[in-house]
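We will go stop by stop.

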Amino acid sequence: MRLALLTDIHANREAFEAVLADLAQRQIDRLVFLGDIVGYGPDPGWCIDQVESHVAKGAIALRGNHDRAIGTADNILNANARRVIDWTVNRLNARQKLLLSELPLTVQDGDTLFTHASANDPADWLYVTSAATARPSFLVCDARLIFCGHVHRAALYSCDLVGRVNHLEIAPGNPMPLLQSRRWLGVIGSVGQPRDGSTLASYAILDRSRNELTFRRVGYDATTTARKSREAGLPEALAQRLMKGI
């Protein structure tokens, strides 16, 4: 089975459409959405509806911290993020809000655990940014494969038989073998808000039969998304971020 792993779409229709178009050219058996469908971007309702349609066809969808924020007023998000959430709330219908509220924080599928943030405390929205911050996820579960988002930068970590965790360099487009003798944690880069210096949308393909993970980058019309963001009155910094990938 080949799984497409998408995360942090962040209401970016153009990026989401580009990734779906790229997927249409590949043999994919199931889509997995790792959270943060909304937030930051100008097309939250459209993105929710797209995810919902794929869930109806068997896709897995998880809840991210921005998805949670739609129904929870707190101070976890920064000022710009909270401003967009407040804007988003008034543009979603009851069905769309209900969908976000009912998404799970984690899903285990065989030897694979999916979550938005770290596996060790999914509701605390911890960032996996190093071997040290990846290690707790390996300690709290026995899943051989763990996949998350939240960071907006793709990364891959391995854990050997004695518990040593290493960060591996990744090359987009090149399949990376997930050796059975190790456990793996993949941080899937963002579809709609990449922050690694590239404006290209990011996602990954897990080939279970080959035990391979391939990170992919896809170009999209970021100029249009930035224009729509400005027209909606969303923070200028967010439009600038799209154009710079930071």
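**Stop 1: a hairpin**

Select S4 and strand S5 (residues 112-115). The two run antiparallel and are joined by 4 bridges. Now pick out one of the pairs: aspartate 109 has threonine 112 in S5 as its bridge partner. Look at the turn next. The hairpin of S4 and S5 has 2 residues between the strands, and glycine 110 takes a positive phi near 65 degrees there. Remember as you go that this is a predicted model.

**Stop 2: the whole sheet**

In what order do its 6 strands lie? Read across and you get S4-S5-S6-S10-S7-S8, an open sheet with mixed pairing. Find the edges: strand S4 (106-109) and strand S8 (165-168) each pair on one side only.

Select strand S7 (residues 155-159) and strand S10 (residues 183-187), which pair in the antiparallel sense over 5 bridges. Show serine 158; its bridge partner in S10 is tryptophan 184. While you look at strands, keep one rule in mind. Side chains in a regular strand alternate between the two faces of the sheet.

**Stop 3**

Most residues other than glycine have a negative phi.

Select histidine 150, in the loop between strand S6 (145-148) and S7. Its phi is near 80 degrees, a positive value in a residue other than glycine. Is histidine 150 buried or exposed? Histidine 150 is buried, because its relative accessible area is 3% and the cut-off for buried is under 20%.

Next, jump to histidine 10. Histidine 10 sits in the loop between strand S1 (2-6) and helix H1 (13-23). Histidine 10 is not a glycine, yet its phi is positive, about 50 degrees. Histidine 10 also counts as buried, at 1% relative accessibility.

**Stop 4: glutamate 52**

Select glutamate 52 in helix H2 (residues 44-55). Glutamate 52 is partly exposed, with a relative accessible area of 26%. What does glutamate 52 touch, leaving aside its neighbours within four places in sequence? The contacts are Arg95 and Leu99. The C-alpha atoms of glutamate 52 and leucine 99 are separated by 7.9 Å, though the two residues are 47 apart along the chain.

**Stop 5: a helix pair**

Select helix H7 (residues 222-231) and helix H8 (residues 236-244). Their axes come within 9 Å and cross at roughly 180 degrees. H7 is therefore roughly antiparallel to H8. Show the side chains of the contact. From H7, take Ala222, Thr223, Thr225, Ala226, Ser229 and Arg230; from H8, take Glu236, Ala239, Gln240, Leu242 and Met243. Colour them by type, and the contact divides into 5 nonpolar, 4 polar and 2 charged residues.

**Stop 6: the buried side of H8**

Stay with H8. Which residues of H8 are buried? They are Leu238, Ala239 and Leu242. Look down the axis: these residues cover an arc of only 100 degrees, so they lie on the same side of H8. An α-helix has 3.6 residues a turn, so residues three or four places apart point the same way. Now show what covers the buried residues of H8, including helix H4 (79-89) and H7.

Terms used. Residues are numbered from 1 along each chain as its sequence is written. This is a predicted model: local features need pLDDT of at least 70, side-chain atom pairs count only at pLDDT 80 or more; totals for chains, interfaces and linings use all residues. Side-chain values use heavy atoms; hydrogens and water are left out. Axes are lines fitted to C-alpha atoms, for helices over the stretch in contact, and angles run from 0 to 180 degrees between N-to-C directions. Angles under 35 degrees count as roughly parallel, over 145 as roughly antiparallel, 65 to 115 as roughly perpendicular and the rest as oblique. Contact means heavy atoms within 4.5 Å. Ala, Val, Leu, Ile, Met, Phe, Trp, Tyr, Cys and Pro count as nonpolar, Asp, Glu, Lys and Arg as charged, and the others, Gly among them, as polar. Two strands pair if DSSP finds at least two bridges between them. Buried means under 20% relative accessible area, exposed over 50%, partly exposed in between (1.4 Å probe, protein chains only). The arc is that of the directions from the helix axis to the C-beta atoms.
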